[in-house]
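Let's take a walk through the nonpolar cores and the aromatic pairs of this one. Here is the structure to look at.

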Amino acid sequence: MSYLSQPLDARVLQQAINWAESVPVWLCTVLHTWGSSPRSPGSLLVATQDGRQEGSLSGGCVEEHFIKQIADSRWQQASQVVRYGDGELAPEVTLPCGGILEILVEYLPAGEATIAYLKQQLNAVQGYQAIRKQLTLPNACEQIVEDDFAGTTAAITYQAPNIDIRMAAAPRLLVAGYSPVAHYCMEFGHALGFEVVLLEPRENVRANIEQLPDGVRLLEIFPAKYLEQQGCHANTAIVSLTHDPRLDDLTMMEAINTPAFYIGAMGSSRNSAKRRERLERIGELTEAQLSRIHAPIGLAIGSKTPAEIGLAIMADIVRIKNLGHLSAKPVVQGTLNQLAPLSEENGASCAI
């Protein structure tokens, strides 16, 4: 996997490993947020004393001040918690709409011990093995142990001075087949920190792709075959957005055998009903299995263009990722009857 195709937190940890070969690094983890803090708990940033950084704590609100503190030799203990947004650390630095941000800062000296420590965490966010990371302020991490955690966001417990962080795979977006809507889903997915993988077996379609969005990994394999052979981890969203039953139906039949947190296929209400009938009759899917499939797909935002439909789909995926199935059942886009014939006959992605 190329560096740029990795999710953001994996890139942070990989860069930390590279830098720790020769210089100390400060590894920062968002522990808790209040209000409108832009970055969620578990988000990572790594920095060096000479001003290099990878990742983000707040989407740009506090990074400049934070990096300056490191350059001024602040935060030399093995671990400490700092707080932005309520005047405690930097009265002149505010977050949007009064948000507050609490950050774990770990000072890690250069060398093999730090590299091994960072590699354990990299393996977790790449989906190899979930871990549980425990430390007591102001000491270094006491232990990292394997864990069966399968959540879609980091699980953090902080009761001073004890911190417990469970880390698992970063979110992954598996896209079955290229289309204009798929293009925007992949673009938005990468910007949102997903590892994005396009599964496109059709040579003629691949030949007509002018340029894939940044960070997308292309695999020339039938999506159903990939899922049958490779499966996926629980922090995966699987979407099929082609209006091609050969791809969409078989992808859905394999996807429901995975622990993916989101499964969806594009199509109008009419086409989705036809697909459901085929999956029930030919694939012998049960009602429980069919209920996992979001079809029509996406939130009801009145979307019509490929970009708007891609936005609606990714918004729904993020909603489920962040809120889980305890959130209200999504209101789907619904039928766009006047656009359905265009979608069905010409392959345009006008109805979801």
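## The main core

The largest nonpolar core has 29 residues, and Leu13, Val46, Leu104, Leu118, Ile163 and Met167 have the most contacts inside it. A core here is a set of buried Ala, Val, Leu, Ile, Met, Phe, Trp, Tyr and Cys residues joined through side-chain atoms within 4.5 Å. Helix H1 (8-20) gives the largest share, 8 residues. Other elements giving two or more residues include strand E2 (44-47), helix H3 (112-125) and strand E9 (162-167).

This is a predicted model: local features need pLDDT of at least 70, side-chain atom pairs count only at pLDDT 80 or more, and totals for chains, interfaces and linings use all residues. Residues are numbered from 1 along each chain as its sequence is written, and side-chain values use heavy atoms, with hydrogens and water left out.

## A second core

There's also a separate core of 25 residues, with Phe194, Leu198, Val239 and Ile309 among them.

## Aromatic pairs

Searching the whole structure turns up 3 aromatic pairs (Phe, Tyr or six-membered Trp ring centres within 6.5 Å; planes under 30 degrees apart are stacked, over 60 edge-to-face, the rest tilted). Trp26 and Tyr107 make a tilted one, with ring centres 5.0 Å apart and planes at 55°. That pair links strand E1 (residues 25-34) to strand E5 (residues 100-108), 81 residues apart. Trp26 is buried at 1% relative accessibility (buried is under 20%, exposed over 50%, partly exposed in between, with a 1.4 Å probe and protein chains only).

Tyr184 and Phe188 are tilted too, at 6.3 Å and 40°. Both sit in helix H4 (residues 180-191), 4 residues apart.
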